[in-house]
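The sequence and structure come first.

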Amino acid sequence: MSETMSMVFAPLGSWEVLCETGGDFLRIKTIYPFTVTRDVEPAARHQVAQWIRVENLPEIVTEEILTPNRERLYRGQTRVFLRRLRGHLDAGEVTSFGDATVVDYQDRKYGFHPPRDPGLVLSETGLTAHAARQLATSPEAPLSTRPRYLRPNGDVYFGRQIGEVDDVTVLQTAISNGLTPYLYGDPGCGKTALVEAAFCGGLETVVGSGDTDEASFVGTWVQVERGFQWLDGPLVRAMKNGSVLFVDEVGLIDARVISLLNPLLDGRGTLHVQQNPQMPPVEAAPGFAIVFAGNPHAVGVRMSEALISRLTFPILVETDVEVLPEIGVLPEVVDLVRTLIERRSTNDISWSPQVREAIAVSRIWSLFGPQQGANALVSLSPERARNQVVLTIQSLTGLEADVIKVSV
């Protein structure tokens, strides 16, 4: 876990910030001069009647707030902190003192640093113009207010809005009311993450391809020491256990195979497994449902009209740019991704990177430098869009990017 910080705010002219661990994220409280003995140098304690302590901030937040570069884009966690602190001040839930400045922090080993150029100024009416611009850059809710769900691999999924309800709740409500969701969008945009977050407690998955056959759904016979034994497939397990079957990349599965699901999608909760005549008909237990996902524009996708008519709740899933800083994507890469997505939305370009590509580019950028990171973005883009990607990189970073290549 990264180091956390605690900040003490006071009027302009008297302030200190300290490093501290423990407590809940962004716990705000008012403290008085006689209680700040370990927080503030003696000469400064009694210069004000009250102080505000904001506890347990992630270290990256304090680093960005204290940076002397006033034009730097704040990451997601920093925007969360600024929004929440501004809300407390505006609501009068904590005492404000007019202008208050964050200038520096106390290092446990080396003591107080000399004051630096302040990175953020707070006041009774809000933030500086620079901070206000940063908070207005995203139309989505700050991550701290978005519901969080755990995926099977332990990652956190931040819920996104569909109308007035978060996407996980929408998905859960849809299947409980007999709808068949179909999530569609580019690879890496978060379709699988959404399904895993919604049904983390019980989910069977089939990842479609040209080789997917009926056995991939219902099961098969496997050889054991004394002959053969039947092994249930994900569809049969989901029906018996009353769990959700997730069919990913459905458009790549042969129509004759996927037609196996048609009776179940029509509400007939019985499956006859022809591959195992000894097995009685499988009855769908309460809770059984099927969720589909795919990329309709991928090469080789073919979906029959019979299937399409049964996908009663199609949902377009797009890249969640706001989550990128939270998962460690560099701010330079976030800017590039955001710009390319905006250009694609206006048909200026035919491709934009998704979360998976953004993570890869950020890692290459960190490991091998900005030039190779920019080159990686070009390499990941399809040839039809590379010229526009190169121009976008040049306009935002000044880098002359090309595909990653080995030279002599």
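## Aromatic pairs and a parallel sheet

In this predicted model, the count of aromatic pairs comes to 2. One is formed by tyrosine 182 and tyrosine 184, which are stacked, with 5.8 Å from centre to centre and 20° between the planes. The other joins tryptophan 221 and tryptophan 230: the ring centres are 5.5 Å apart and the planes stand at 70°. This pair is edge-to-face because the angle between its planes is over 60 degrees.

| Residue | Relative accessibility | Class |
|---|---|---|
| Tyrosine 182 | 8% | buried |
| Tyrosine 184 | 27% | partly exposed |
| Tryptophan 221 | 35% | partly exposed |
| Tryptophan 230 | 13% | buried |

Tyrosine 182 counts as buried because its 8% is under the 20% limit.

The model also holds an open sheet of 5 strands, paired in parallel in the order β15-β18-β21-β14-β22. Its edge strands, β15 (203-207) and β22 (313-316), each pair on one side only. On average, neighbouring strands of this sheet are turned by 20° against each other, direction ignored. Within the sheet, β18 (residues 244-248) and β21 (residues 289-294) run parallel and are joined by 4 bridges. Valine 244 has alanine 289 in β21 as its bridge partner.

Two helices lie across strands of the sheet. Helix α6 (residues 191-198) lies across β14, β15, β18 and β21, and runs at about 145° to β14.

Note on methods: Residues numbered from 1 in each chain as written. Predicted model: local features only at pLDDT ≥ 70, side-chain atom pairs only at ≥ 80, totals over all residues. Heavy atoms only, no water. Phe/Tyr/Trp six-rings, centres within 6.5 Å; stacked < 30°, edge-to-face > 60°. Buried < 20%, exposed > 50% of the residue type's maximum accessible area, 1.4 Å probe, protein only. Pairing = 2+ DSSP bridges. Axes fitted to C-alpha atoms, helices over the stretch in contact; angles between N-to-C directions. Contact = heavy atoms within 4.5 Å.
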